[in-house]
Amino acid sequence: MPRKLTASVPVALVLALAGAGTAFAAPGGLGPPGPETPSGQAISRLYWIVLGLCAVVFVLVETALILFIVRFRRRRDTPESAEGPQIHGNTRLEIIWTAIPAILLAALAIFTFTQIPAVQAQGVADEAHLTIRVEAHQFYWEYRYPGGEVTVDTLYLPVDEPVELRLTGMDVIHSWWVPALTGKMDAIPGRINTLRFVPDTTGDFDGKCAELCGVQHAFMPTTVTVLDQSEYESTLASQQEELGKATWEGACATCHGLDGQGDVGPAIAGNGTLSNPEALRTLLLNGQNTPQYDYYMPPVGRGWPPEQFEALIAYIKSSKTLSTAPAPTTTGGGG
Amino acid sequence: MATRSEAMAPTWKEGSVTSWLTTVDHKRIGILYLVTSFAFFGAAGLMAMLMRIQLSHANAGFLTKGAYNEVVTMHGTAMVFLFVVPVLAGFGNYLVPLMIGARDMAFPRLNAASYWLFLLGGLVLLSSFLADQGGAQCGWTSYTPCSSEEFSPGHGQDLWILGIHLTGISSILGAINFIVTIHNMRAPGMTWMRIPLFTWAIEAYSVLLVLVLPTIAAAATLLLLDRQAGTTFFAPEDGGPILWQHMFWFFGHPEVYIMVLPAMGIISEVIPVFSRKPIFGYKAVAFSTIGIAFASMLVWAHHMFTVGMPTYLQAFFAATSLTVAVPTSVKIFNWLATLWRGNLIFRAPLMFALGFIGLFTIGGLTGIMLAVFPFDYQAHDSYFVVAHMHYVLFGGTVFGVFAGVYYWFPKITGRMYNERLAQIHFWILFVGFNLAFLPQHLLGLMGMQRRIYTYTQGGIFEWYNVISSIGALLMGVAMLVFLWNAVGSWRSGRRVGPDPWGADTLEWYASSPPAPNNFDSVPYVTSARPLRDLRLRLRLQERET
């Protein structure tokens, strides 16, 4: 029967896609990204449990649907006007299929609540932990450490030390998401949110901004580098030497290009403002909206410590491409 | 009642443009709503195609970054405010008076005002694209401070706000009209337990609209004042960004059910007729509609699990969100029980209704997963949510809308659509839809966040995106088949009588298309299936004579 054939198409499709997913992407794609912290593992455990429950319901409902389609389709010898049995309902049955989902969902809710302390790593608050301030900007992440150190876009953490991130937004809402470590947390202006976890594996973990924050939302990556305790301290110290470069690459280059050649923002290599510290500081703190450009310049320097301005200015001065005015073009109506 | 239709006669000059511009007839206004909202559906669907072309491979440069954000914003806003809500208003307008045996809506002029405000609002909203410094770019949720004057300069965001205002006023007026009509103008004998289930759904839709639309209207007004008059309602230092999200989602979540309940109502009309059985558990289906509507007002902050709410509040909103699954599963079980032992007639309306059950079930189950809020910490703002939402609103609502379009096509046009093309439409759309959105669940779990204009990953990540884009293009092809069928059949389809399906409800008692006054008289209603009662009575009389 062609009808039977057509009914099996959706099933085959679902199975094929699920199969392809398992074959190529396991575990990524079928579960939350390989969790590397106890809180991340708690989320994954919960995921597999709720997925299992939903899979059972899915199979039951879709099987009933397909069985009924095959079994109760009109036969060729039955006229279209022939009525089925006029059953108006069955109170007992309806009470049963209201009660069963209610009980299952209540159980699921209670189980979920028992997992909260693990998921939120609530224990971290009560023990010695590292507190790091995360300031989200259009379009980079600024990390401020207890010793006054600053890093841009890369967060350095010592392995096995509980960490508490204190996140805020410096312009619009962003969301800090490093899937391999734990769930995301929004960085909201005027508000400080807390995210706790214990990184127990060394390595680099990629993250991103998950909340639409403007024109470069897709390119607001971050990396969490988890190091041994000794390495952590030396790396963090050496990174302070590179602060100017890191600030240029994170805060400026995303829109103006690595060499200041321009991207969504205008070309700025050799622009007078770059070599005028006072003008630059004012621009970075206030931003600027120039209507002839498609996009505004956000106030990317909001909240920077004085050293960071100095470091950026020194980096620009050290770079020939950035601090030298470009050769004047001979064409066009310049001058 | 002859006097009334005579009084309306001057506006009934067939074919003249002015008669459509000045009409206050609920059927004509319904047709205007349906056609206009499908035109906006085409526009918003094209925007979806543009996005899927841009995302079809890594590092693509088809759309500029800013243009992508504008298209993301307008696709979502237009689908919600210019297609789904008004297309359901179109069905409601055309059908509710006919279904309850009335001659028009309670306030025909107000009804016309609703339509023209909707059209105006739609044009204002789309004109946002033409604004200096681009259209609105902060997504359909327009979170502050992204949408503030500082971070969205230019007038794109202002036009978005005015568009929301106009379509919102239109919907509130329309909803009041529906409520008054359903409460006061039912035919003799049509008690609350005898009104068609679609009318129940429109009642719930209207009550929800009246309750929640003022909230988004207020929020949009405050945002406009912040932008234009220098007020600071949403200033970050006073907790403004969270205030906006609460106001937005207090409207935004019930809005999801505003968009789903009438589609469920359509399914509850179609399945019994094409199974040749009564709906299994009329009361359970009607009361679950009310139950979903009520619960839907208590779940809004499940969109905000990652904003740093206290844990006990997250637990509260998770529990209420899981509660919604109970009346929803009641509906699904009752529909399945209606099919059981039926004489299933596989015409397009039933195909789309069964598609609704199969696909909406997936969207409902992923909704349960997202309500388990620790999982939402990972899935929130990822493609998993995009997939979930499209299984609910496209696999659910839009499949329901197509079931309704095919079911009532002969009533509205007086002609039958082409069944073969309709079946082709169904299969291309069904396959295309699953190709487009099934892989997006996996992409979300692999870490693809929403609303990004491109990505750098290759491999399976890119392949899932390729499959999704192919699916989206197939969906576009399916829409062309539908358009061809609808236009062609409206012009030259086979003419049909009042009741080509052997249906149950009063709209099939009127001629196809119905006369301007709908009915000269309406039979006394003794059950939820007055037309079947009438058929049985006539058959009995024939046998006696």
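**Chain A, overall**

I began with the secondary structure of chain A and found eight helices and 10 strands, where helices (H or I, at least four residues) and strands (E, at least two) are DSSP runs numbered from the N terminus. The model is a predicted one, so I note that local features need pLDDT of at least 70 and side-chain atom pairs count only at pLDDT 80 or more, while totals for chains, interfaces and linings use all residues. Residues are numbered from 1 along each chain as its sequence is written, and chains are lettered from A and ligands numbered from 1 in the order in which they are written.

Of the 335 residues in chain A, 38% are buried; a residue is buried if 20 or more other C-beta atoms lie within 10 Å of its own, exposed if 12 or fewer, and partly exposed in between, with C-beta atoms placed from the backbone. Among the contacts in chain A with a separation of 6 or more, 64% come from residues 24 or more positions apart, a contact being two residues whose C-beta atoms, placed from the backbone, lie within 7 Å.

**Where chain A touches chain B**

I then looked up the contact between the chains, which takes 86 residues from chain A and 80 residues from chain B. On the side of chain A, at least two residues each are supplied by α1 (2-25), α2 (38-72), α3 (91-119), β6 (174-177) and β7 (185-187). The most comes from α2(A), with 16 residues. Sorted by class, this side of chain A has 51 nonpolar, 22 polar and 13 charged residues, where Ala, Val, Leu, Ile, Met, Phe, Trp, Tyr, Cys and Pro count as nonpolar, Asp, Glu, Lys and Arg as charged, and the others, Gly among them, as polar.

**The five-stranded sheet of chain A**

I traced an open sheet of five strands in chain A, in the order β3-β2-β1-β5-β8 and with mixed pairing; two strands pair if DSSP finds at least two bridges between them. At the edges stand β3 (150-152) and β8 (193-197) of chain A, each with a single partner strand, so one side of each has no neighbour in the sheet. From one strand to the next the twist averages 25°. Strand β2 (residues 140-144) of chain A pairs with β3(A) in the antiparallel sense over three bridges, and E142(A) stands opposite V152(A) in β3(A).

**Strand β10 of chain A**

Strand β4 (residues 154-158) of chain A pairs with β10(A) in the parallel sense over five bridges, and T154(A) has T223(A) as its bridge partner. Strand β9 (residues 203-209) of chain A is joined to β10(A) by five bridges and runs antiparallel to β10(A), with G207(A) bridged to T222(A).

In chain B I looked up S268(B), which sits in helix α8 (residues 240-275) and is buried because 25 other C-beta atoms lie within 10 Å. Not counting residues up to four places away in sequence, S268(B) touches L197(B), F198(B), I279(B) and V285(B).

The axes of α8(B) and helix α11 (residues 348-371) of chain B come within 9 Å and cross at roughly 125°; axes are lines fitted to C-alpha atoms, for helices over the stretch in contact, and angles run from 0 to 180 degrees between N-to-C directions. The two helices, α8(B) and α11(B), are therefore oblique to each other, given that angles under 35 degrees count as roughly parallel, over 145 as roughly antiparallel, 65 to 115 as roughly perpendicular and the rest as oblique. In this contact A263(B), I267(B), V270(B), I271(B) and F274(B) of α8(B) meet P349(B), L350(B), A353(B) and F356(B) of α11(B), and its residues divide into nine nonpolar, no polar and no charged.

I also checked α11(B) against helix α14 (residues 419-445) of chain B, which pack at an angle of about 10° with their axes 10 Å apart, and this makes α11(B) roughly parallel to α14(B). By class, the contact of α11(B) with α14(B) has six nonpolar, four polar and one charged residues.
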